[in-house]
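Subject: Two-chain model, handover and notes

Hello,

Please find the structure below, with my notes after it. Keep it open while you read.

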Amino acid sequence: MIINANSTTNRTLILIDEYINLLKKGVNSEKILVLVQNSKKKNEFINLIKEKFDFGNIGNLKIYSFFGLVYNYVNENWALIENSIKDTKNVKILPNLCGLEVSQYIFKNCINEVDFTGYNSKTSLLHQLLRRYSLINFNALDKKEIKLRENILKESYSNEAREAINKYKLKTIEKRAFDYIRQINLFEYLYKNLKNEFEYVFLDDGDEIIPALLEYLKYIKKDIKEFFIGYDSNGSSRLGYLGAINVDFEEFLGEKAHKITTIDKKTKNALKILNSIKNDELIELENIEQRTFLRRDEMLDDVINEIKNLINQGVKYSDISIITPLCDEFLKSSLEKSGFEFNFISKSEKLNQNRLIGYILEFLKIINDTNNSDISPYCLKGILMELIGLRGASALQFIQEYKIKRELEDKNLFELIKEKKEEDFKKLYEIYEKIRFQKLSFQLCEIITNYIPLNKEISKDIIKINQLLKQIYDFEEVFDDEVGINELINQIENTIISENPLSDDEIEENSIVVSSIQKIIDYSHKTKYQFMLDINNEGWLKQDIGPLYNAWVMQKSWKKESFELEDNMELTKDRSARMLYKAYLLADKIYLYSSSYDSLGLENFSGIDKFYKFDSKIENSTLQKPIIPRQDQKAVFDYNGGLMSVSATAGSGKTTVMLLLIEKILSKEILNNEEIGEIEPKNIFVLTFMESAARNFKERIKQRYPQLKELPNISTIHGLALRIIKENNNYSRLGLDYDFEIIDEIKRTSLLNEILYTLGIQNDKLNLYDSAISTYKSELAKYGDYNCSNKLFLKVFNLYQAKLKESNLIDYDDLLFLSLKLLKENSDILEYYQNLAKIIIEDEAQDSSFIQQSLITFLSGKYNNVIRCGDINQAITSTFTNSDVEGFREFMKKSKNVEMNRCQRCATGILDCANNVVKFANNKNFNPFSTLIMKPVEGVNIVDKNAVKLNIFEKENEEIDFVINKIKNILSKDNKASCAILLRSNFAIARWEQLLKDKKIKTYCKSDAFINNPVFKICLLILEYIIEPYDIKKVKTLIEELFKLKKYDIATLEYVKNINTPLFLCQNYDEQFFWDMNYFLYKNHYSIYNLVYEIGNFYFKNTKQEVNISLVATIAQKIRLNQKSFENTVKKLREIQFRSNFSNIKLFNDDKNDESREQTVQIMTLHKSKGDEFDYVFIPELSQDNMCFNIDEYKLKENSKFNQKIKKIPLDDLSLKKEIIEENFRLMYVGITRAKKKLFISASNSYKIYNKVRPSKNSEFFEGMESII
Amino acid sequence: MKKIDTFSANSLKLLDKSVLEFENKYLYNLSIMKKDKRAILGQKFHNLICFYIKNFDVSKLILNLTQDEQKSWQKLKDYLKDKKDDFIKTEYSFLIKEKLNSKPYFLTGRFDAVYKKDGFYVIYDWKTLNIPKNPKDDLQSIVYLFCANKIFKTEKIKLKYLSIEKLDSFEIPFINPDYYKEKLDKIILKHFIK
């Protein structure tokens, strides 16, 4: 009997009835094999039999999941296997049918014995090989079949992979240790050598079986009187790396299937989705609620609100499920704070992610650490409070004593505990004495017995504790004493438990299940409301390909002789269609949620959103404020395809114009022609120079068109390059593993330091090499096979590249280089993006690099619609980046050029000054500028011919006093005025900040440094307080900062400033601050993420900074992974305070709208000021050293010279000087055009340098301006 | 409150002792998986017996045992040698549906081995630890005999506890189903009425 029906039908009930009929006919239950998909379905099947069966003996039921059958079969017939093994040394009566944790450990050691030279991903080699090995076993591939696939894939490491897997197999035999994947081999041996005992076979969810099971069924088919198979021909959601196979059961049994068709709403919807995706038609949204957000926190807030509404309407928790591929800490923390009951079912996790287990493992580490050297006091506090049961203050006092005695007397922790008289300590010491030399499992059991009360509150923890115990027993049984206790703890801490069919996550009653789509399908978890989150995240489409495995080609049924990108896309699409189909069968109503950014602030792309049809039309009637272009802007909107360059001067409204351009494209006012066809947001690519500009752009579009469900692709060129590398598994064409990372500044510096040290180069040359590597990569992209003649540099470069490869890392230059390479070398990838990129709009085109420009050329190859906006006059990055102004100049020549020369920002006198800089350059025979002359917008700009003041002072102090007095004066008259001091170097910023602070003027240094972000600063200060609660100074600094942020009042500030005992001992119960700090001090979060998240949430919930809470928490968590202790993590956080990027996480800064900027003077470099505008601008200290315009006086820096040496066509010194001075002109131009009302440029005839007043030449700028006026 | 509807000899023993402990362990899974050396040794012997009865060659397997354990095994093997062919089942799991005040409940468990000779069924239970103090009234005996009667549909049943190491044994004859049912219902009611 075959039943082809989906999960909404009574398919399983029909099977149950047939089963009971057989029993009633007198068939012995031992003769009936029932195979279901997993242990949950097994229990459901048994329960239904129990319910439907009459009273009496039901029998000896043989109901299993496939892996359950395998496990039992191996266990019951082990003797046959043991007898077939030659060695007699390690004979076992009970085989070690262990978890993946043990086999991962064995595999890891085997891999170390195989030489994978040149393989670029040592970190994920184990993961790769495990996938390969499980695919081989799931698909029951024999040697010939494996060889065939190695050839199809032209694998480079097939020999090494084979060797590693063989070694592993041998080792598992030696140890008699077999995980569920390895057991498949034993099972095959057994069923082929033993008599089959079954006469009937029931199989439910037949569409999800793996080939290894099918092979078994084929083998016993001849003995079986009847098969009863239930399946869904549209199912098979586990295709791909989970190994399912699409079986034609009609052919297998030679009989027709009974098809049960239903016409209920769910099935109709599910079929529609399935067919739409398969036929490449976009899914229309019916019965689906779709919501898009910019940031993930906004999205989750809305999800919580929606759930709140449902609950208020009487919907039960169990009627709701949440599906997302990103079940991370942020999601958990965000959902948990709502107070609803959630049941998170993780795909994979480390055991010590459980807080209690974390403390238990730390405790075990302390017990087994003989020298007690690295005990973290913070962790010890957690152990003492959470496990041993000490009160907070007692724990803190003990720890303080321990810290002191450890430092002064080198005292061991347990020696100190022994000296204590209190009962808690006595008991602790007794237990320590009892267990210290015992096996780990014994130690753990004793700790649990003595310190963990088995009650309902910790029932979830107990499941995890038992998992931990099982792991330890497995290790002890397989290795006995071979693996030391500390190594074992380390192994457990670092093993991710995943995809283990034996782990039985129980779905809790009356809670909202949060899970991956696969688990929801596997458990057939039916709910009324299903929230699909992060639908635009690539995690929805699983990774089925890696350097050492290809789930599609390794399928038993693979017939083709090659594997193309198209195959991957088609198969992934087919599997996605099946997955969504199955998920849709499980819910009445579906919500689709997406956000442009994930919780790390990185862009989401390539999710299942591409299957849906979203409303992308912009209707003018819905706009709140239509943008009306100025006369000089209008020409931009005559665009009707092809190449266009827009030269836009500072303050000409370029961003607004670009916004309007997108609006007009989407509303079909422009580019509406048949050749291009429909333009959807995904067909528009906008490239910005800075990440912040991309974020800002998206925000503006979202604000303006809230109804737009899908945004255009707006990113930096690096963001786009990352997408090209990641999307559709393209990275595998580059030999990269899917979890490759981009090296951040910190890692790059330490890597380069290491290399320079190895080669005996002084580390003060680090910056030289750092920028030279970048230059060299750009040269390689330009000239292909170019070989630099500087031998020492090449050594550094090659070592650097090798180190990156070894660690599965790439750098930012590689990102561009590799994405270009992918497009150049793979016509299918190129075609994919060319079809997508109907129009490309580039911002800040004057800063575009050669590679960026090449990428744009490649991407626009099909439609050839490119608009590049920029201002050559503002090209100020060419001396320290690879930007290529000439490229933009060339583009301007070959494209239609529109000039937007009206600047409405600056007062007329300031405009004149900027235009005079152009004249000044011409007079000096330089050519840094375009021919564009800025003009005011009639009736808009302030008319003030005297808006610019040039001042030269005798002494430095006079200049400083002038600036400060002017600022005081301005702020006293206009408290809303924005003022900025623009400086030549970063070095000067701190000095000016101090000067202003001394005069009680509030300052703000524009910098993306973490410490300038309030979330980072407050969290760091509180973390430091938690580590050192006895340090009174720290708590005083903390209250000052919190006071500044208006979190506490002046009375609290005064109170804390006056305390002279540690705050937690003050016992001032009236002070909220006392309670708040005590709360954090005694709140023992095992994970630093949760602690930081809680602090952040406490102070910054519902503020503009909310978005940064999860980012700061993630930074802390990432640091923690590489640090031994909590204390070291906090120290490291302090160390990176001046960085703006950690592990590619950048914080969101909202400078412009920040109210706390009122009455504040911003201090920044001239470079940083680009893109900003201020009412009053000061450019002081304009000495010749700082701003040289005289080629004879300019001294080249070592850095600049070194970079030239790396280039294929280096500039001679004179040309290089000319280039730098030309950039100085443009830098001055940028600085001048920041000012709206007044501009003050000054210099002094002397400056204090190295504590000595020295005469100083003023910049030629003053003279140049004077001569023009 | 959710109820447990399936009981084993061990769970009934705990229920008889304390409803709270029973519910903590079986309803809320509040128990820690502990393994001790005796339990592992017991499991080894169970497997050996099973393999031996199923006619697998166990000569290599016993290399895993200590010398003392090998001696015990030798004695046990000698004991089983003549009976071997009359064992009809090993490791036999069962599931029996019963009712209490019209509410269904289930009894489950696993016989170590079932021996049949001359129409008489002997349910064997291998013991590594001591044989129960009052074997007749032990809940394991009650559950096993009650269920064996349902499975084999005869009253010609005995339960035999056999100490693996000492080869001591104790036989309990079947009394009558109502006697067992009454005892079982009384205990199960403690959970059902709560």
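This is a predicted model: local features need pLDDT of at least 70, side-chain atom pairs count only at pLDDT 80 or more; totals for chains, interfaces and linings use all residues.

Residues are numbered from 1 along each chain as its sequence is written, while chains are lettered from A and ligands numbered from 1 in the order in which they are written.

Strands in chain A

Helices (H or I, at least four residues) and strands (E, at least two) are DSSP runs, numbered from the N terminus. Two strands count as paired if DSSP finds at least two bridges between them.

Strand β6 (residues 226-231) of chain A runs parallel to strand β1 (residues 2-4) of chain A, with 3 bridges joining them; here I3(A) stands opposite G230(A). β6(A) also pairs in the parallel sense with strand β5 (residues 200-203) of chain A, over 4 bridges, and F227(A) in β6(A) has V201(A) opposite. With helix α10 (residues 211-220) of chain A, β5(A) and β6(A) make a right-handed β-α-β unit (right-handed: with the strands pointing away from the viewer, the path from the first strand over the helix to the second runs clockwise).

Further along chain A, 6 strands form an open sheet with parallel pairing, in the order β8-β17-β14-β9-β13-β10. Its edge strands, each pairing on one side only, are β8 (288-293) and β10 (342-345) of chain A. Neighbouring strands of this sheet are turned by 20 degrees against each other on average, direction ignored. Within the sheet, strand β9 (residues 320-323) and strand β14 (residues 527-532) of chain A pair over 4 bridges, and I320(A) has Y529(A) as its bridge partner in β14(A).

Contact between the chains

Residues are in contact if their C-beta atoms, placed from the backbone, lie within 7 Å. Chain B gives 32 residues to the contact and chain A gives 31 residues. On the chain B side, α3 (37-53), β2 (87-100) and α5 (139-152) each supply at least two residues, and the largest share, 8 residues, comes from β2(B). That side has 16 nonpolar, 7 polar and 9 charged residues (nonpolar: Ala, Val, Leu, Ile, Met, Phe, Trp, Tyr, Cys and Pro; charged: Asp, Glu, Lys and Arg; polar: the others, Gly among them).

β2(B) also pairs with strand β3 (residues 56-57) of chain A, in the antiparallel sense over 2 bridges. In that pairing N57(A) stands opposite I96(B).

Helix pairs

Axes are lines fitted to C-alpha atoms, for helices over the stretch in contact, and angles run from 0 to 180 degrees between N-to-C directions.

In chain B, the axes of α5(B) and helix α6 (residues 177-192) come within 10 Å and cross at roughly 130 degrees. The two helices are therefore oblique to each other (under 35 degrees is roughly parallel, over 145 roughly antiparallel, 65 to 115 roughly perpendicular, the rest oblique). Residues of α5(B) in this contact include I142(B) and F146(B), and those of α6(B) include Y180(B) and L184(B).

In chain A, helix α29 (residues 745-758) and helix α31 (residues 791-806) pack at about 130 degrees, with their axes 10 Å apart. L751(A), L752(A) and I755(A) meet V796(A), L799(A), Y800(A) and K803(A) there.

Regards

Note on methods: Two residues are in contact if their C-beta atoms, placed from the backbone, lie within 7 Å.
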